[in-house]
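Look at the model first, then read on.

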Amino acid sequence: MSSVKLVERVDQLAELEFMASRARGGVSGVVLIEGAVGSGKTALLATWAARERGRGMKIVEGWCSAAESDLPFGAVRQLFDGTPGAVHVPAPRSQPSGSALFEIFDALHQAVRALCTEQAVLLTVDDLHWCDAQSAQWLGYLVRRLSGLPVLLAATSPMTTPATPTLGRRVVPEIVDHPRCRRVGLPALTAEGVGQFLQQGLGHTPQPAVTQACWSATGGNPQLLQEVLTALRGPRPGVRSRSADDITDLVRRLRVRTIHARVQREATEVATLARIAAVLAEGADLQLTAVVAGLDERTAVLAVQVLRDMGVLRRGGPGVVFADPRLREALGSDITAEERTVLLARAARISHDAGAGNEQVAQYLLQTAEPIAQEWVTHALHAAAHDALRRRAPEDAAAYLRRALRQPLSGPIREQLLMELGSALLYRNPAAACRHLSEVMATADGLGRRAQAAIRLSTAHRLSGRPDAAISVLVNAAAALGSSDEDIAVQARHEIELHLNVQRTLARVIGPWGREPTTAERPTADRAAAARTRSDAAWRLGVQALETMLTGGSAAQTREAATEAFRSGLQTHEGSAELSLFVAFSLICTDGLDEAERALGEIWTGSKRSGARILQAAAGLGRSMVHRRRGELREALGLGESVVDELFALPPSCFRGSAVAHMVTLLLDDGRLEEAHALGCRMNGSHGDGWESAMLSLVRGRLRAATDDVDGALAQFLDCGRRLHSYGSENPGLLSWRPDAVILHTRLGERERARRLAEEEMRLAERWGTPRVIGRALWTEGIARGGDEGRRLLAAAVTHQEQAGARLELTRTLIDYGVAESRAGQLRHARMNLRRAVDLARLCGASKLVEQASTELSKTGARPRRSGSDRLSSLTPGELRVARLAAAGARNREIAAELHVTARAVERHLTSVYRKLGVNGRSALAEVLKPR
């Protein structure tokens, strides 16, 4: 710190100069300059010594260091270098003792007396705590004999109490406890002092924000400030361009580098413990760390004390915890990969033998670079995987199993581990599950294991977007069983045939619906006979509900089969999770919303506990669909946004298209065209086969219609219709494209085409039979026909939609009915319907429909009723939570942590909030949300 003058050390320097003046007057004394590492003790000592040299004092200087702390008389040799007393200092490797040592001590004392015969003497010892034992002993000897001599002994040390010496560090009680010892403490610099320090070093006054950032980050430590100055004057942009976060990060890196270097200079025991702790898990038990490091308990405790004093480890709390993860990483880098493996294996074995938990042992084994050819390692990892599954942590279980598979294994054990790993990954990473389960299929000999692997592999193939492979693997597995009448073969064949029937049905949802099952794929007599059991009845009813829904049969039959399937315990059977999910979707299509919500809630809770991310996201999608059907748009949007984020982090074949289509529809309902278009663009080029491809065509058409691209929209709607027809699915309760096409044909004046489509919609709706679907068909036909007949159909549509509780559909119908009544001169009825539409749209949280209904109401000469909560009612629950936290002053990262979402999700919510509320920042947002 020679480039910067001492800052905020005037009082300390004055106190030292007073002690020196007393020494010049013949009064001996002892001074101990104390302070934290980097507080400027050495700089203060050097400045003071230079001043006293100018005043005529004889300066005798010595410096101690960790490197020379074991060198006998090292400090004394520096003190007397170049003086007549140097002849009395023993040779570097000599070890005098007893009377010989006393003679040396006395001779050196006499040398000091000789030095002060003509002038006062200032003896300085920097870093006294690193003093070698013999020099420390002599200094204690000298202090007791200073009386009457014009000698002042000054030393620096970070130690503030005469505590028990720590590893490699010493105290000299005679100095610390001397009655005339003046202890001069160096506090950290204040914020004002930091500003002065920076001004001196930079040559200009820094910005207040920079000063504040430096003070906060360094704690006013002069050594760190000097390092900051060096960095700021380097090749990177100057201090004026540095933000507070930049400076905080810079100081953190400098602190890590400085402390890392200090640790390397510490006693061997201290440095060893620090490195071992860096290799072991954060918060590792001190006793374990000591044993791995080869230290006894007392030595380990002393080493921890040193490391805490240095700021390497945190004070308090259980275990060994580093103050900064970067410092732990830096210390860990001192260990080679081979050494790391040995240490971690030793820690794992010690923990295992001491009865530690399986996962605690496994944490060490996970970090080993090479396999460990010991049987206990595989057992420990396998047990840890089971423990992780019990606490609903499949990712941890998968990690333990992967590590176990790197061990030398026998065939059966490897098959078992592969099976468990594939099962753990099934609803998280189906592609990886396919690899592991395929290996089991290729190597397993047992009929039962091969059958179970085939069933799970089939599910993994389908989740990966390969429905044909899902069916083929089951067909091949059944063929491999042959006609054996062994109990295990009969049971395996039966289970395969159950799942084959389910896979064939589910393939119609995500794959080529038009393909008929081959003879091998059809259920056999064995399966029909077995269907008499309650378990099989649940599967059969679930499949029946799906088949009826897909083909557009009776909603009543679909609902009855689905309800009975759940009543028969479908969700409780192993391997039925996805079938249960799609059966719940079929209940949504029948408007059995309460039953669907209950089933989806159970699936969501169960999948959350088991870590089945795909199922949890799909269940969340279903719950959002329930909310939309109830007209609860804000709740639907809140759930839908989180589902889309999750599904884009999962394989694209896992419900992503369905979620995007659903979310785009919600955004269009809410009038958020730009967001809907941006989300739709993320699925550009995605078509494939199955229900999702038809859904995507439908929402692409709606996006084009919203931008008045009528021809493009019609092309997409008709493409949706062609796909559904080719798949054999004509159920308007599942997916309805004709109403959208009718609106556009009507706009183009193509009334005949519109009527034909409307009549087809009505025929199919009556076949399905729910009030919601029939009401929508009546609305469609009313739009197509127009005139008095159209008004009559719209009135009938209102009645059906009221019966269904279809608030969103009812709102749209009321708007069109009100417009039709207004054109017919029935203003009173028109206003009544349009006012009701405004109220319903507000209740649904559908901003676009509120605006549309209000506009049409104004055209009739009436004013919409104002609602004081209009602006806030347009926010989704998620947006409202984010808005309140932001208005309270929370930053985006803090909001994300509080709500357990991503920072990107917070940014998206805030953008939407600002747009909806018409504000442009947090200050304005706080004003809007202020209680009135």
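## Basis

This is a predicted model, in which local features need pLDDT of at least 70, side-chain atom pairs count only at pLDDT 80 or more, and totals for chains, interfaces and linings use all residues. Residues are numbered from 1 along each chain as its sequence is written, and side-chain values use heavy atoms, with hydrogens and water left out.

Helices are DSSP runs (H or I, at least four residues), numbered from the N terminus. Axes are lines fitted to C-alpha atoms over the stretch in contact, and angles between N-to-C directions run from 0 to 180 degrees.

## H18 against H19

Helix H18 covers residues 394-404 and helix H19 covers residues 411-425. Their axes come within 9 Å and cross at roughly 155°. That makes H18 roughly antiparallel to H19 (an angle over 145 degrees). The crossing of H18 with H19 is left-handed (the near helix is turned anticlockwise from the far one by less than a right angle).

From H18, Pro394, Ala398, Leu401, Arg402 and Ala404 take part in the contact (heavy atoms within 4.5 Å). They meet Leu417, Glu420, Leu421, Ala424 and Leu425 of H19. Eight residues of this contact are nonpolar, none is polar and two are charged (nonpolar: Ala, Val, Leu, Ile, Met, Phe, Trp, Tyr, Cys and Pro; charged: Asp, Glu, Lys and Arg; polar: the others, Gly among them).

## H29 against H31

The axes of helix H29 (residues 613-629) and H31 come within 11 Å and cross at roughly 30°. H29 and H31 are therefore roughly parallel to each other (an angle under 35 degrees). H29 passes H31 in a left-handed crossing.

H29 contributes Leu621, Ser624, Met625 and Arg628 to the contact. H31 contributes Ser658, Ala659, His662, Thr665, Leu666 and Asp669. The contact of H29 with H31 has four nonpolar, four polar and two charged residues.

## H31 itself

H31 spans residues 656-669. In H31, 14 of 14 residues are buried (under 20% relative accessible area, 1.4 Å probe, protein chains only). Glycine 671 follows H31, with a positive phi near 75°.

## Two residues

Glutamine 264 lies in helix H10 (residues 244-265). Its relative accessible area is 43%, so glutamine 264 is partly exposed (between buried, under 20%, and exposed, over 50%). Beyond its neighbours within four places in sequence, glutamine 264 contacts Arg275 and Asp334.

Serine 21 sits in helix H1 (residues 10-24). At 32% relative accessibility, serine 21 is partly exposed.

Notes
Helices (H or I, at least four residues) and strands (E, at least two) are DSSP runs, numbered from the N terminus. Angles under 35 degrees count as roughly parallel, over 145 as roughly antiparallel, 65 to 115 as roughly perpendicular and the rest as oblique. The expected span of a helix is 1.5 Å times one less than its number of residues.
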